Amino acid sequence: MKTGMILEGGAMRGLYTAGVLDVLLENNIEVDGYIGVSAGAVFGCNYKSKQIERVLRYNLKYGQDPRYFGLKSLLKTGDLYGVDFCYHKIPEELDPFDNETFISDPVDFYVGITEVETGKPAYHLCKTGTGEDLLWMQASASMPLVSNPVSIDQHLYLDGGISDPIPLKYFQSIGYEKNIVVLTQTQSYRKKPMKFSSIMKKGLKKYPAIYNAMKERHQVYNKTLEYIEDSKKKGETFVIRPSHSLSIKRLENDPIKLNEAYYLGRNDAYKKLNELKAFLKR
């Protein structure tokens, strides 16, 4: 039976996921494959490269650097998060990503993105963590209106969380029968309909399929939560989620709040560790 793991996005709420993954690494919790969308992709890749605390480290060090994030980058390039700095300068020079370990580790790592033309999800198995894989990760974390669509094989893509925010069904469809789902919202959370619909429609007039997907996103998301609960009751899925609401904003760069989210993830993972081990042994 193949075991998998699904990592929800949520922008900087992904620091919670980073905390969870570091505890899993420290305790040799292994799966056959995993999939991340948005922050779950760009932060989750470090699980396969086995770089404990890397996500926290570079976000604390560079989170307030205008090259990493900010209005200046958005106005200059169309990307709130600086593409060159985030996807090249940091992983290649400032806090190197361990590509050798990523490549040699047998765990399969998938990324989910959203096709701009159709508003439908697409999925990719990352093999090297460089080149095209990096484009898929970048696309998965490219939020509408504050990011340029990413071109891959002559198609444009955006945030994976738009079309399939928690891709449990997809992972089950490719053979992962037992899955860990790491969420970044609490048990009581339900997504509400999109705000400022007319403004969003105007801002996304070039991408009508993306607008339509975002308009329906709350329904897709909430139905997915119901599906996860049913799968959990059947013993097919193990869920780790925040034990209380995160004070962190989606676009947070306050070091104190980033730390809080990360260490809540660690604490929640520790509390679930024995239960998780039992789940994986069944």
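Author: Helices (H or I, at least four residues) and strands (E, at least two) are DSSP runs, numbered from the N terminus. Thr17 sits in one such run, helix H1 (residues 14-26). This is a predicted model, where local features need pLDDT of at least 70 and side-chain atom pairs count only at pLDDT 80 or more, while totals for chains, interfaces and linings use all residues. Residues are numbered from 1 along each chain as its sequence is written, and side-chain values use heavy atoms, with hydrogens and water left out.

The chain holds 13 helices and eight strands. Its C-alpha trace spans about 50 × 40 × 35 Å along the principal axes. The radius of gyration is taken over C-alpha atoms, and the globule rule is 2.2 Å times the number of residues to the power 0.38. For 282 residues a compact globule would come near 19 Å; the chain has 18 Å, which agrees. Buried means under 20% relative accessible area, exposed over 50%, partly exposed in between (1.4 Å probe, protein chains only). By that cut-off, 57% of the 282 residues are buried.

Now the spaces. The search runs on a 1 Å grid over the protein atoms alone. A cavity is a set of points where a 1.4 Å probe fits but cannot get out. A pocket is an open set with protein on both sides within 12 Å along at least five of seven lines. Lining residues have an atom within 4 Å of a point. Points are joined across faces, edges and corners, and a volume is the space filled by probe spheres set on the points.

The largest pocket has a volume of about 890 Å³. Its lining has 27 residues, and Arg13, Tyr189, Lys191, Arg217 and Arg250 lie nearest the centre. For classes, Ala, Val, Leu, Ile, Met, Phe, Trp, Tyr, Cys and Pro count as nonpolar, Asp, Glu, Lys and Arg as charged, and the others, Gly among them, as polar. On that scheme the lining has 13 nonpolar, six polar and eight charged residues.

The second largest pocket holds about 510 Å³. It is lined by 32 residues, with Val42, Phe43, Tyr58, Cys86 and Tyr87 nearest its centre. Helices H2 (39-42), H3 (45-48), H4 (54-62), H6 (83-94) and H8 (132-140) each supply at least two lining residues. H6 gives the largest share, five residues.

An α-helix has 3.6 residues a turn, so residues three or four places apart point the same way. Contact means heavy atoms within 4.5 Å.

A nonpolar core is a set of buried Ala, Val, Leu, Ile, Met, Phe, Trp, Tyr and Cys residues joined through side-chain atoms within 4.5 Å. The largest such core has 64 residues, and Met5, Leu15 and Tyr68 have the most contacts inside it. A second, separate core of 14 residues includes Ile6, Ile35, Leu183 and Tyr221.

The largest cavity holds about 120 Å³. It has 16 lining residues, with Glu8, Gly9, Gly10, Arg217 and Arg250 nearest its centre. They divide into five nonpolar, five polar and six charged. Arg217 and Arg250 are also among the residues nearest the centre of the largest pocket.

Glu8 leads back to Thr17. Beyond four places in sequence, Thr17 touches Leu7, Glu8, Val182 and Thr184. At 2% relative accessibility, Thr17 counts as buried.

The second largest cavity holds about 60 Å³. Its lining includes Ala18, Leu21, Phe43, Tyr47, Arg54 and Tyr262. H1, H3 and H4 each supply at least two of the lining residues. By class there are seven nonpolar, two polar and three charged. Phe43 is also one of the residues nearest the centre of the second largest pocket.
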